[in-house]
Amino acid sequence: IDIPEFKEASDKYKEVRKLPLGWDVSAMVLRREGARMVAKLELDHPAVLARFQRLLDLTHRKVYTRDRAGQPVPERLQLLTVAAVTNDDLWAGYMTRREAIRQEIEADPGDFELHEVDTTAKSTGDESLDAAGESAASITASLADDFATPLMSSVNEVFLFHGTSAAAAEKIKTHDFRINLAGSNAGTLYGRGLYLAENASKSDEYTTPLKDG
């Protein structure tokens, strides 16, 4: 929308809502779903796709678990598409909760433990894989740069994978996760909650193939 007043209003809205600098508010307005400011943008730059494929490769573990339900563990996961989702309500809620957790830990740090995960690892232990490109730590750090704020290690903030169906992913994009639906796909081994993984191969166990393949 090439209207000076709209750009001014968009910039002000971004400032008040503390949205990431790279978010396109005009796209969120034009593509909003009802009253929700949501935009889903397909990313097709070869360098971007290559980095996400690299992250899949770095976090792939050929380990069989019962949730595979008899299906073989794939040798490799191949990236098909990448989409960036911007949702101002979910972002505001996330940032508020992150700050609350930071304050809780700061007030009582006694039980806090720093956890290292594969999505932020500097090495996989596989020399040939590590030598083939940048580390997971480098990739996820650059993803955090897109939000104009580094990952907050003091609250164990990391990027993780979540496996689900395409239909469920669309609903999560607009309405957030629903705890009441936790386990509807593969059970709740550790109780109701959000199940995320540091390995792409683990989250892959909970995906559902599209009808068209």
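This is a predicted model: local features need pLDDT of at least 70, side-chain atom pairs count only at pLDDT 80 or more; totals for chains, interfaces and linings use all residues.
Let me begin with Glu106, which counts as exposed at 58% relative accessibility, where exposed means over 50% relative accessible area, buried under 20% and partly exposed in between, computed with a 1.4 Å probe on protein chains only. Residues are numbered from 1 along each chain as its sequence is written, and side-chain values use heavy atoms, with hydrogens and water left out.

Glu106 has a partner, Arg102, and the two form a salt bridge with their closest N and O atoms 3.4 Å apart, a salt bridge being a side-chain nitrogen of Lys or Arg within 4 Å of a carboxyl oxygen of Asp or Glu. Both residues lie in helix H4, four residues apart, or about one turn of the helix, and helices here are DSSP runs of H or I with at least four residues, strands being runs of E with at least two, numbered from the N terminus. Arg102, for its part, is partly exposed, with a relative accessible area of 24%.

In helix H1 (residues 4–17), Lys7 and Asp11 are likewise four residues apart, separated by about one helical turn, and their side chains meet in a salt bridge at 3.0 Å, N to O. Asp11 is partly exposed, at 38% relative accessible area.

Which residue forms a salt bridge with Asp57? That is Arg76, with the closest N and O atoms 3.0 Å apart, and because Arg76 lies in the loop between H3 and S2 while Asp57 lies in helix H3, the pair ties together parts that are 19 residues apart in sequence. Arg76 is partly exposed, with a relative accessible area of 49%. A search of the whole structure finds 17 salt bridges, and there is also a network of them linking Asp67, Arg68, Lys202, Asp204 and Glu205.

Staying with the loop between H3 and strand S2 (82–87), we come to His60. Is His60 buried or exposed? His60 is buried, with a relative accessible area of 13%, and its side chain reaches the backbone oxygen of Pro74 at 2.9 Å. Leaving aside neighbours within four places in sequence, His60 is in contact with Pro74, Glu75, Arg76, Leu77 and Ser201, contact meaning heavy atoms within 4.5 Å. Pro46, by comparison, is found in helix H3 (residues 46–58) and is exposed, at 59% relative accessible area.

The largest nonpolar core has nine residues in all, namely Leu19, Trp23, Val25, Ala27, Met28, Val29, Met37, Ala39 and Trp91, a nonpolar core being a set of buried Ala, Val, Leu, Ile, Met, Phe, Trp, Tyr and Cys residues joined through side-chain atoms within 4.5 Å. Its largest share, four residues, comes from helix H2 (residues 25–30). Val25 touches Ser10, Tyr13, Lys14, Leu19 and Met37, not counting residues up to four places away in sequence. A second, separate core of eight residues includes Leu55, Leu56, Leu58 and Ala200.

Finally, in helix H7 (residues 166–175), Ile172, Lys173 and Thr174 are buried, and the buried residues of H7 pack against strand S1 (38–43), S2 and helix H4 (88–107). Just after H7, Asp176 takes a positive phi of about 80°.

How values were computed. A polar contact is a pair of N or O atoms within 3.5 Å; within protein, one must be able to donate a hydrogen and the other to accept it, and residues adjacent in sequence count only if both atoms are side-chain atoms.
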